[in-house]
Amino acid sequence: MTSLAFLPVFDRQGRFSALKAAVLIAVILPGLWIGWRLAAGQMGAKPITAALHETGLWSVRLLLVTLLVTPLRALTWQNRLLQVRRMLGVSALAYALIHLGLYVFDLKFDLVKVASEIILRFYLTIGFAALMAMAAMGATSFDSSIRRLGAERWNRLHSLIYPLALLTLWHGALQSKIDASEHIVMTGLLLALMGARILRRQGKLTPLWLLGLAGVTAMATSLVEYAWYALATGLPAGRVFAANLMLELAPRPAHIAGMLALTLPLVAWTAPWFSSAPKSRYSGTRQRGVTG
Ligand code: HEM
């Protein structure tokens, strides 16, 4: 085991963790898939741009999955989920760094040009700001940093993850003017996760509140979509909004975000069948210490 000790697949007691191993494989696979298609020339006419887009998307997806860990842990009382939160966050940072590396490669390592583009192009400026915030979180993701900063300050720094995720979604969406569907779905899910955080803090992480949250998520997503089309494109936002009511046009981003948010009340309902969580677990689910 000692020769493999550098692999992040062992728990604090030095035992092999199947959960950590599975998550490690899951976060590496998209990168391998992108790398393999790049090497095989299967990324289209502009392979670096395509890889830039895919690594950016994976970074945001992993950020959202990182944010899902805390509510899932509160609902299931599976503390071992916390073992993978850091790994997920660090992988989101790794994909963002590869994303930046691809951009630098695309500009032929002309760092002056990279810096001036970041200063002059708004979508790059917010991407850079988001990357700096992610790097600060990555650098303080170690136990020693938590001890040094104290749980309260560490939590405050790491709650930056929500505005950070919003920035990255804005940065990404600005690149996909006409079809920003995935960014709109992800914005809806981010709002759902923020809602779950508020419910958790108020001790209201119950199936019923979470069911309400799924409904609010669907509505909020349709409003985000409306605002996006009204403000960022010349398309008729009202017609896009009305499309949410036409079943033949389903699934729309609001439907997808609402359905995905429904998994939270489902987990809340079913978790007691599988765990030994105390019956009163919905009240006061926020615990002292590092909560992320
Ligand atoms: C200095 C930092 C960054 C730079 C220079 C940068 C650069 C870029 C560029 C050049 C594009 C699109 C290019 C095009 O099609 O013209 C892009 C898109 C994107 N970036 Fe970044 N980015 C940065 C940070 C980030 C971060 C931190 C994230 C996520 C955590 C991110 C996520 C995305 C996403 C999701 C897209 C759109 C992908 C799509 O919709 O297909 N970027 N970025």
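Helices (H or I, at least four residues) and strands (E, at least two) are DSSP runs, numbered from the N terminus. I begin my notebook with that, and with phenylalanine 128, which I found in helix H5 (residues 122-139).

**Ground rules.** I am working on a predicted model, where local features need pLDDT of at least 70, side-chain atom pairs count only at pLDDT 80 or more, and totals for chains, interfaces and linings use all residues. I count residues from 1 along each chain as its sequence is written.

**Entry 1: phenylalanine 128.** I checked burial next. A residue is buried if 20 or more other C-beta atoms lie within 10 Å of its own, exposed if 12 or fewer, and partly exposed in between, with C-beta atoms placed from the backbone. Phenylalanine 128 has 19 C-beta neighbours inside 10 Å, so I logged this residue as partly exposed.

**Entry 2: serine 17.** I located serine 17 in the segment before helix H1 (18-39). Serine 17 is partly exposed because 18 other C-beta atoms lie within 10 Å. For contacts I used C-beta atoms, placed from the backbone, that lie within 7 Å. Leaving out residues up to four places away in sequence, I saw serine 17 touch Val9, Phe10, Asp11 and Gln83. Leucine 29 is 12 residues from serine 17 along the chain, and I noted 19 Å between their C-alpha atoms.

**Entry 3: the loop between H3 and H4.** Lysine 108 sits in the loop between helix H3 (82-106) and helix H4 (111-120), and phenylalanine 109 lies in the loop between H3 and H4 too. I looked at the backbone here. Lysine 108 has a phi near 55 degrees, a positive value in a residue other than glycine. For phenylalanine 109, phi is near 60 degrees, again positive in a residue other than glycine. Lysine 108 has 8 other C-beta atoms within 10 Å, so I marked lysine 108 as exposed. Phenylalanine 109 has 9 C-beta neighbours inside 10 Å and therefore counts as exposed.

**Entry 4: H2 against H13.** I took axes as lines fitted to C-alpha atoms, for helices over the stretch in contact, with angles from 0 to 180 degrees between N-to-C directions. The axes of helix H2 (residues 47-76) and helix H13 (residues 263-274) come within 9 Å and cross at roughly 25 degrees. H2 and H13 are therefore roughly parallel to each other (angles under 35 degrees count as roughly parallel, over 145 as roughly antiparallel, 65 to 115 as roughly perpendicular and the rest as oblique). From H2, the contact uses Pro71, Leu72, Leu75 and Thr76, and from H13 it uses Leu264, Val267, Ala268 and Ala271. I sorted the H2 contact with H13 by class: seven nonpolar, one polar and no charged residues. In this sorting, Ala, Val, Leu, Ile, Met, Phe, Trp, Tyr, Cys and Pro count as nonpolar, Asp, Glu, Lys and Arg as charged, and the others, Gly among them, as polar.

**Entry 5: the two domains.** I found the chain divided into domain 1 (16-175) and domain 2 (181-272), with bounds from an automatic or database domain assignment. Their C-alpha centres lie 23 Å apart. The contact takes 16 residues from domain 1 and 16 residues from domain 2. On the side of domain 1 that touches domain 2, H2 and helix H8 (161-173) are the elements giving two or more residues. H2 supplies the largest share of that side, 10 residues. By class, I noted 14 nonpolar, two polar and no charged residues on the side of domain 1 that touches domain 2.

Technical notes: Two residues are in contact if their C-beta atoms, placed from the backbone, lie within 7 Å.
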